[in-house]
Amino acid sequence: MRIAAAMFAGIALTAGAAPAVAQYPGRGLLDPPPMDDSPGMQVFVSSCAECHAGQRTVRAPGLTTLGAMTPRAVLSSLEGGRMRRHGEQLTPEERRTVAEWLTGEPLVETRLPSSAFCASPPQLAGEVHWSGWGGGEGETGFVDAARAGLTAADLPNLELAWAFGFPDASQVRSKPAVVDDRVIVGSAYGEVYSIDLETGCVHWVFAADAAVRGAIAIGDGPDGTQTAFFGDFATNVYAIDATTGALHWRATAGTHADHVVTGSVAVHSGRVFVPLSSMEIITAGDPTHECCTSSGGVAAFSAETAEPLWEFRTVAEEPRHVGENEAGTRLFAPSGAPVWASPTVDATRGLLYIGTGENYTRPTTGGSDAITALDMETGEAAWTFQGREDDAWNMSCLSPRFQNCPAPTGPDHDFGMAPIIVTAEDGSQLLIAGQKSGMVWALDPDSDGELVWARRVGRGSSLGGIHWGLTSDGRRAYVPNVDNPFAIISDPRSGASTQMNAEDPPTPGVYALELAAGEVLWHAPPDPSVCAGRAGCMPFFSAAPTAIEGAVLAGSLDGHLRAFSTEDGSVLWDVDTAREFETVNGVPGRGGAIDGPGPVVARGYVLVNSGYDLFSQMPGNLLLAYRLRR
């Protein structure tokens, strides 16, 4: 993505001038990189500025956000992350120099000191207290008192047990598993750590090939050994010994050059289910790219042998040539419908539920922005419920060169969360999922996904609405609604909003819905005052929540982890994680925005990630462990 330097010159970035930055409530400006005509700046001007300077949205972070990252984080994005297809156009030296210029620091890979490692070996296989995205079967994110080791009454007595710093990281998004007295968690550069729950020391480190973004799932592997399963961003799937970290097997799930794994694997009955999304949503920003040919999907493997069992494509039809864009590049469709989140296992019905995103090109399909039920044995679709028809969008719609942007442009209203199976107090079950449109849908899993009720809790945006998830304790559903005002999509050709309700006022916060008809019981709004004077701070609830008896724990983009009473939404506990911490492993640590997975509650501990630098949010590199005061 190269542009003439003259385009960049028009964006008032002369020496000493501050970059244009989207202003959030209370956001300040950090010092921009020096306008020094250095090699790093020249690379930025010619290859990056078109999307990352001047008129931007939160989907394309600018100099302030990029400058708060570490050099390794920028380089990792260019070499194996979200920007890898654009990074391929640069030489290794160009990638390094632009990373160092943006961050103002030399590229140095931090190593854990020897003092970070445990003196004694870990125990053998033990009881699983948390596994996968939702904690176990049903994936609801609710933990009863026996598993949690605490209830709402205990929350005011929690204190920090330890803070673990991930070296050189700017975001933390892998959800830990808890096995007996060990925490197993992935990281932004592929390291998977086994950490002692009591002390925070490291038992072992396994090196995957790329970022491990999803949750760690525990199940039986080869010869019945207790095994940790996960995928990396490059679509490699791993099975490692949960006690020693030794590799059992690895396989590759992706079948397209742009396939990635951003969600969490699910494990059940000897099978590993891997969600497939696609970075072609970003590659489409290049008008010379023949957009688009990728499909989201799910791949299933044997947990014992890594044998491929089946693959499901969310876009069943192979892409065909449908025309040319304004630059004369060929266009293909149908495409897209990525699976960003974890599949949900329904052991009772033998089904696997997935949520999908929008199509990347037109014509659109019936499997986009949808919940689809798959037969776990065969991978065949049993039924599909579509929450939004005719949604076609990709990142070129945010670029001055929008030739690959579908016309008309859709609002990008994915199902970005794993659906949850809720068993109500009367024994009935619902399949509940939230959408980035701000809608919550309750489906009947015994009637091919027939709609039971629908409830709008916000106007929605391309970052939510409901972004990462919701939870339920069987009495109510607890729903974080972002309503990010800076992420409403407009058609780049007309400038008109793609949301029919874009003029409605935002209604962010955490909602409690009763299960019979989805009526709102209470609403806990955010506190914007928390962001006063804090750069990059946004007072929105985007991360998935976790419920325990009497409380729902919800992290916020403002860096606070709050516990709300399930009865009335009052705040029972509030801790600010967006600050510097002394870490147990000797790595400089600072918290930031809480986004992505919800907290893990197990054995009397609350484990929460802090730091998420995507979408112009506050970076950080911490896993924090809280427990009852001793």
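## Overall form

Two residues are said to be in contact when heavy atoms of theirs lie within 4.5 Å. In this predicted model, residues 24 or more positions apart account for 61% of the contacts with a separation of 6 or more. The protein contains 9 helices and 39 strands, and its C-alpha trace spans about 65 × 55 × 50 Å along the principal axes.

For 630 residues, a compact globule would have a radius of gyration near 25 Å, and the protein, with 23 Å, agrees with that expectation.

## The largest nonpolar core

In soluble globular proteins, nonpolar side chains tend to be buried together. Here the largest nonpolar core has 47 residues, and those that touch the most other members are I548, W573, L607, L623 and Y626. Strand 39, which covers residues 622-628, provides the largest share of this core, with 5 residues.

Y626 gives a view of the surroundings within this part of the protein: apart from its neighbours within four places in sequence, Y626 is in contact with residues including L158, L160 and A161, and also with W573, V575, F581, Y605 and V606.

Strand 15, made of residues 297-302, is mostly covered, since 6 of its 6 residues are buried. G297, A299 and F301 point one way from the strand, whereas V298, A300 and S302 point the other way, and all of them are buried.

On one pairing, strand 15 joins strand 14 (residues 271-278) in the antiparallel sense over 6 bridges, and V298 is the bridge partner of P275. Strand 15 also runs antiparallel to strand 16 (residues 308-313), to which 5 bridges join it, with A300 standing opposite W310. In the hairpin that strand 15 and strand 16 form, 5 residues lie between the strands, and A306 takes a positive phi near 75°.

## A buried threonine

T471 belongs to strand 27, which consists of residues 471-472. With a relative accessible area of 0%, T471 falls under the 20% limit and is therefore buried.

What lies 2.7 Å from a polar atom of the side chain of T471? The answer is the backbone oxygen of T140. T140 is also one of the contacts of T471 beyond its neighbours within four places in sequence, and among the others are G141, F142, I420, R476, Y478, P545 and V552.

Definitions and conventions: Residues numbered from 1 in each chain as written. Predicted model: local features only at pLDDT ≥ 70, side-chain atom pairs only at ≥ 80, totals over all residues. Heavy atoms only, no water. Core = buried A, V, L, I, M, F, W, Y, C linked by side-chain atoms within 4.5 Å. Buried < 20%, exposed > 50% of the residue type's maximum accessible area, 1.4 Å probe, protein only. Helix = DSSP H or I, 4+ residues; strand = E, 2+ residues; numbered from the N terminus. Polar contact = N/O pair within 3.5 Å; in protein donor to acceptor, adjacent residues only side chain to side chain. Rg over C-alpha atoms; globule rule 2.2 N^0.38 Å. Pairing = 2+ DSSP bridges.
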